[in-house]
Amino acid sequence: DKGSQDSNYSPGAKKEALTPESIHPIALYGKLYCCHINSVAERVVLYRLYKDAIIKQYSYPTYSRHMGISVVDNLLLVHHMNSGIVMIFDIMTNNMQPFVSPLPVLCKGTEAMGTMSPQPSKLADPPQSHGAIGGAATPAGAPSTGGGAESAPQGGEAGDELNPFKVGNKVVCVAMSNFLLALDAGSEMVWRIDLDLNAITMSCPNRLHTISFLHRRSETRHPRRNPKDMIIATVKTMVQEHENLSTLKHAFEIICFVIASSPGCPLLDGTQSPQQGSPSRSNLINSGALELEQLYEQIFESLFEDQAVELDFLFRAMETFYLCSISFHLKLPTCYFALMIDMLLAMEHFEVLTQYLSGHFFEDSCELAAKLEALGKAHYPHLSQHAVDMYFRLKEYDRCCRLLFQQGRLIDALRMLKDYHLSTIAPATFLSAAAETQDPLVYASVYRFCKEFVPGFDTLSEAQTSQALLYPKGP
């Protein structure tokens, strides 16, 4: 229907009739669209196709009348035929402008890096395969790792005879699993077009948009540059450069949302996230969820061990990440809290550590309680009580009783032994420990407990020894 054409141009402009070359069905993030190339208005319009309706959803400015489109990894690529530049649009950004600034394609050699990295091959007879003849493309301003390749001048003229997207070319694009094949019958060339995530992320000024963009990229489609590793590198750089905590909070919220939405993720209530989410949510995640242990090892622990960031800022960054994880009901591994305790001890913020432990800021776990126990035995005796309290909250009564006994709190250990019917420590061991204290009141209390609550205690040799000590006979 000609009346359904996009009308984002002046009222007096001549409307262009629809042609087969201006209409293309495309699929983005599992959704089917009709893409209309409106050369008169210099726009690309996307209409969402439903079973019973067609709805206009996106209209992107292209600033060129001569353009072609292609789709790589759910991104809409608009090729300017007269200049060779490429505009990248991502419908998930809800932004009517390109995700990054348009960049020209230059041919510089097989080792070059580019936003679009085409590798041309000479077409042989149709039944046969084609062989690589070298050459690659890179955007102006993007970093190049090419060695030995002749540098092309800035602009769009260099390698123009190899560029398939130019005026007059008849290019057929075939979407593969992780790249795009562009068949240029005029020059008898086949181009393999890949996305260079490194060049794209370096061209994006907003790191929050970069993190979201990388989460939507699949590892299987980008074997050369793992999107997860690039997310970690981006966040690590933000922490190293002392990014504003509010910006870090937004970055952590994006990461926590994706992790919480991934199937099988452990949650605070002991459950796991559903194995299968909604299609829109699965498209957003696109298997880009990070592992919590991976974040800990490659960001926080690495920065702590390398002393690359002031401890105070690194602790506040970890605290911010912990609060974000709570808002998404994520259960953090114990290593996070153990590292935060090490940071507070290294900064000698003992009062802050006491407040956090008393207020149960750290999640209880046997591993964390064991760490507090070890620290209490080594250099920080005041942490032993927090270990006892954590064991008790975890209902680890055996370990709690044993720790009380090791601290010399025999009466408290006996009381726990009685209340929870434990058999952790033999009564004779209590008597021996009580004798070593050389406190007759403690010894008498332990003896009365054993005599009253230990069956057959009077027949034991320890009972006779205890009676001799408590009731010595006169001369």
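Two strands count as paired if DSSP finds at least two bridges between them. The model shown here is predicted.

View 1. The strands lie in the order 1-2-3-4. Their pairing is antiparallel. Strand 1 (23–28) and strand 4 (54–61) stand at the edges. Each of these two has a single partner strand, so one side of each is left without a neighbour in the sheet. From one strand to the next, the twist averages 30°. In a regular strand, side chains alternate between the two faces of the sheet.

**View 2. Strand 1 meets strand 2 in a hairpin.** The two strands run antiparallel and are joined by six bridges. Look for Ala27: it stands opposite Leu32 in strand 2. Two residues lie between the strands of this hairpin. Here Tyr29 takes a positive phi near 55°.

**View 3. Strand 3 pairs with strand 2 and with strand 4.** Strand 2 (residues 31–38) and strand 3 (residues 43–49) share six bridges in the antiparallel sense. Asn38 has Arg43 of strand 3 as its bridge partner. Strand 3 and strand 4 are also antiparallel, over seven bridges. Val44 has Tyr60 of strand 4 as its bridge partner. A hairpin of four residues joins strand 3 to strand 4.

**View 4. Arg221 and Asp73 form a salt bridge across distant parts of the chain.** Side chains of opposite charge can pair when their charged atoms come close. The N to O distance between Arg221 and Asp73 is 3.3 Å. Arg221 sits in the loop between helix 2 (207–215) and helix 3 (227–240). Asp73 sits in the loop between strand 5 (67–72) and strand 6 (75–80), and the two residues are 148 residues apart. Arg221 is partly exposed, at 31%.

View 5. The side chains meet at 2.5 Å, N to O. Both residues belong to helix 4 (residues 245–261). They are four residues apart, so about one helical turn separates them. Lys249 is partly exposed at 36% relative accessibility. Glu253 is partly exposed too, at 24%.

View 6. Lys371 pairs with Asp342, their closest N and O atoms being 3.0 Å apart. Lys371 lies in helix 10 (residues 366–378) and Asp342 in helix 8 (residues 334–346). The two are 29 residues apart. Lys371 is partly exposed, at 23%. Asp342 is partly exposed, at 26%.

Technical notes: Residues numbered from 1 in each chain as written. Predicted model: local features only at pLDDT ≥ 70, side-chain atom pairs only at ≥ 80, totals over all residues. Heavy atoms only, no water. Axes fitted to C-alpha atoms, helices over the stretch in contact; angles between N-to-C directions. Salt bridge = Lys/Arg side-chain N within 4 Å of Asp/Glu carboxyl O. Buried < 20%, exposed > 50% of the residue type's maximum accessible area, 1.4 Å probe, protein only.
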